[in-house]
Amino acid sequence: MVRVSHGEVWADDTGGDGLPLVLLHPGVGDSAVWDPVLPGLTAGRRVIRYDVRGYGRSPAPTAEYLPVRDLAGVLDHFEIERAVLVGSSMGGATSVDFALEAPERVAGLALFVPGVSGYEGLDKGEFFERLEPLATAGDMEGIVRLGLRAWARAGGGTPESDPVAAALCRAVLPAWFSNIGHQLTGPPAFDRLGEISAPAVLALGELDRPEVVRCNEEMAERIPGCRLVRLTASDHYPTLREPEHVARLIEELYAEAA
């Protein structure tokens, strides 16, 4: 457990020498979402991953916090001055924020279906329109089904057709609710993407929500020198759909950053 401001987070460090890789998970899964790609990353590299407050093995937040500050706390705990950040969705947004706040500590950015603060429209669509009534009714399984239709099209969009994604989604529901009023958003980052100086690759899922695809395309255009990759078989769970491709993109970015 790593102490952070007014709380703690669970983190795992494989150990080793060289430039570390730090994996930041999405809001639709905890750090277990990286399991399919870990075998391709850990050989000869130091890999660190952690659970955001309330997710996985991290306790629920009890005070307001900024994810970017928790990331800094994890790096400081492991005495890491500089790292390659690998962020998916929510973790991508945190990686972008950190690259803007502490560019000297970011050697490279590998972004998978990333979010970003300051972009209008990411919180639109059927999922967000129907979420509150289901939550009010306490229909957690209804939320899982709704979430899979939005985020997991490549797996068929149902718990029956996609049990792994369903389990990930189901497991994070407590975190969604425990973070309300606690997880804060930093200054808008979308209009500052041109300030990012680290080598970057951004991979979008062509089966993801159209709002996310558009956002990712515009992000890649704004980040200087960013390589845009289209994952044709992926939705919002690229590490489940195309783990070998994801691992290869991380390795290529790592080689450029190192």
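## Basis

The model is predicted: local features need pLDDT of at least 70, side-chain atom pairs count only at pLDDT 80 or more, and totals for chains, interfaces and linings use all residues. Residues are numbered from 1 along each chain as its sequence is written, and side-chain values use heavy atoms, with hydrogens and water left out.

Helices (H or I, at least four residues) and strands (E, at least two) are DSSP runs, numbered from the N terminus.

Two packed helices are described by the angle between their axes and the distance between the axes. Axes here are lines fitted to C-alpha atoms, for helices over the stretch in contact, and angles run from 0 to 180 degrees between N-to-C directions.

The axes of α3 and α4 lie 9 Å apart, at about 175 degrees. The pair is therefore roughly antiparallel (over 145 degrees; under 35 is roughly parallel, 65 to 115 roughly perpendicular, the rest oblique). From α3, the contact (heavy atoms within 4.5 Å) uses Glu126, Phe127, Phe128, Arg130, Leu131, Leu134 and Ala135. From α4 come Met140, Gly142, Ile143, Leu146, Gly147, Arg149, Ala150 and Trp151. By class, there are ten nonpolar, two polar and three charged residues. Ala, Val, Leu, Ile, Met, Phe, Trp, Tyr, Cys and Pro count as nonpolar, Asp, Glu, Lys and Arg as charged, and the others, Gly among them, as polar.

## Helix α4 against α5

Helix α4 (residues 140-151) also packs on helix α5 (residues 163-178). The angle is about 120 degrees and the axes are 10 Å apart. The two helices are therefore oblique to each other.

On the α4 side, Met140, Glu141, Ile143, Val144 and Leu148 take part. They meet Ala165, Ala166, Cys169, Arg170, Leu173, Trp176 and Phe177 of α5. This contact has ten nonpolar, no polar and two charged residues.

Most residues other than glycine have a negative phi. Glu79 has a positive phi, near 55 degrees. Glu79 sits in the loop between α1 (67-77) and β6 (83-88). At 72% relative accessibility, Glu79 is exposed (over 50%; buried is under 20%, partly exposed in between, with a 1.4 Å probe and protein chains only).

Ser89 also has a positive phi, about 55 degrees. Its loop runs between β6 and α2 (90-101). Ser89 is buried, at 12% relative accessibility.

## Ser117

Ser117 lies in the loop between β7 (106-112) and α3 (126-136). Its relative accessible area is 11%, so Ser117 is buried. A polar atom of the Ser117 side chain is 3.0 Å from the backbone nitrogen of Ala189. Beyond neighbours within four places in sequence, Ser117 contacts Asp97, Thr185, Pro187, Pro188, Ala189 and Phe190.

Gly40 is in the loop between β4 (21-24) and β5 (47-50). Gly40 is partly exposed, at 31%. Gly40 and Glu244 are 204 residues apart along the chain, yet their C-alpha atoms are separated by 7.6 Å. Outside four places in sequence, Gly40 contacts Arg45 and Glu251.

Asp12 belongs to strand β3 (residues 11-13). Its relative accessibility is 28%, so Asp12 is partly exposed. Not counting residues up to four places away in sequence, Asp12 touches Val47, Ile48 and Arg49.

Technical notes: Polar contact = N/O pair within 3.5 Å; in protein donor to acceptor, adjacent residues only side chain to side chain.
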